[in-house]
Amino acid sequence: MKMISIILLSLFLVTSLNAQHHHAADGELGAGKISAEHSLYHLDAQWTNHRDETVKLSDFRGSPVIVVMFYGNCMEVCPILIQDAWRLYSSVDESVRGDVNVLAVSFDTENDTPEVLNNYAKYEQLDIPGWHFMISKNATVRSLAMMLGVQYSKKSDGHFAHSNLVTVLDKEGKIAIRMEGLNQPMGEAAAVINSILMRK
């Protein structure tokens, strides 16, 4: 009986490990290394937001920025990631929250047009001041992802495997803090944003 229990336990562990490995390989990629010394505002490329406005990252210089990368057709992980960004945004003191910008950047350059992103923002009830759902050319999106340490790759079914990261930039566009994984506590990141806002 004891031997049977050991065999069943071993089978359970092997199955669990295989499932975890499959999930990690299929849908989630770990975050890459970054250099916090470089400002993202050196990326001089143009982006289009969900209001069909042309913007540059440097347009957000002077205020803390929350950045999250996602894609619109993701129905499982990305809505949680967007809600994580919202949890962080809403954790900032209400009196200064208007000084914080949120950039939700899509890496699906084929499908996420400004119109699609506009519908997405309205569906998520986030078509609000300070929130920008953005898209650009493939090379530009890839460059930003590399600087943020976000890894992503398109799968044969059209979906993406990707890192789950929420990043905060300081007033000069340097990475101040990153939160990896879904549903992470946002207290530390909110404190970092409040600290940035207090600096002159």
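**Notebook: loops, a helix, cysteines and a cavity**

I began with Asp52, which is exposed at a relative accessible area of 59%; exposed means over 50%, buried under 20%, and partly exposed in between, with a 1.4 Å probe and protein chains only. This is a predicted model, where local features need pLDDT of at least 70 and side-chain atom pairs count only at pLDDT 80 or more, while totals for chains, interfaces and linings use all residues. Residues are numbered from 1 along each chain as its sequence is written, and side-chain values use heavy atoms, with hydrogens and water left out.

**Loops.** I looked up where Asp52 sits, and found it in the loop between β1 and β2 (54–55). Helices (H or I, at least four residues) and strands (E, at least two) are DSSP runs, numbered from the N terminus. The phi of Asp52 is positive, near 65°, in a residue other than glycine. I then turned to Gln125, in the loop between α3 (114–123) and β5 (131–135). Gln125 also has a positive phi, near 60°, and is exposed, with a relative accessible area of 67%.

**Helix α4.** Which residues of α4 (residues 138–148) are buried? I found Thr140, Val141, Leu144, Ala145 and Leu148. They lie on the same side of α4, because they cover an arc of only 135° around the axis, taken from the directions from the helix axis to the C-beta atoms. On the other side of α4, Ala139 and Met146 are exposed. I checked what the buried residues of α4 pack against, and the partners include β3 (65–70), β4 (101–106) and β9 (175–180); contact means heavy atoms within 4.5 Å. Gly149 follows α4 and has a positive phi, near 80°.

**Cysteines.** How many disulfides does the structure hold? I found 0, a disulfide being a pair of cysteine sulfur atoms within 2.5 Å. Cys74 is in no disulfide, and its nearest cysteine sulfur, that of Cys78, is 3.1 Å away. Cys74 counts as buried at 6% relative accessibility, and Cys78 is buried at 0%.

**Cavity.** I noted 1 cavity of 30 Å³ or more. On a 1 Å grid over the protein atoms alone, a cavity is a set of points where a 1.4 Å probe fits but cannot get out, and lining residues have an atom within 4 Å of a point. The largest cavity has a volume of about 40 Å³, the space filled by probe spheres set on the points, which are joined across faces, edges and corners. Among its lining residues I saw Leu40, Tyr41, Val67 and Leu144. Leu144 is also one of the buried residues of α4.

Key: 1 Å grid on protein atoms, 1.4 Å probe; cavity = no way out; pocket = protein on both sides within 12 Å on 5 of 7 lines; lining within 4 Å.
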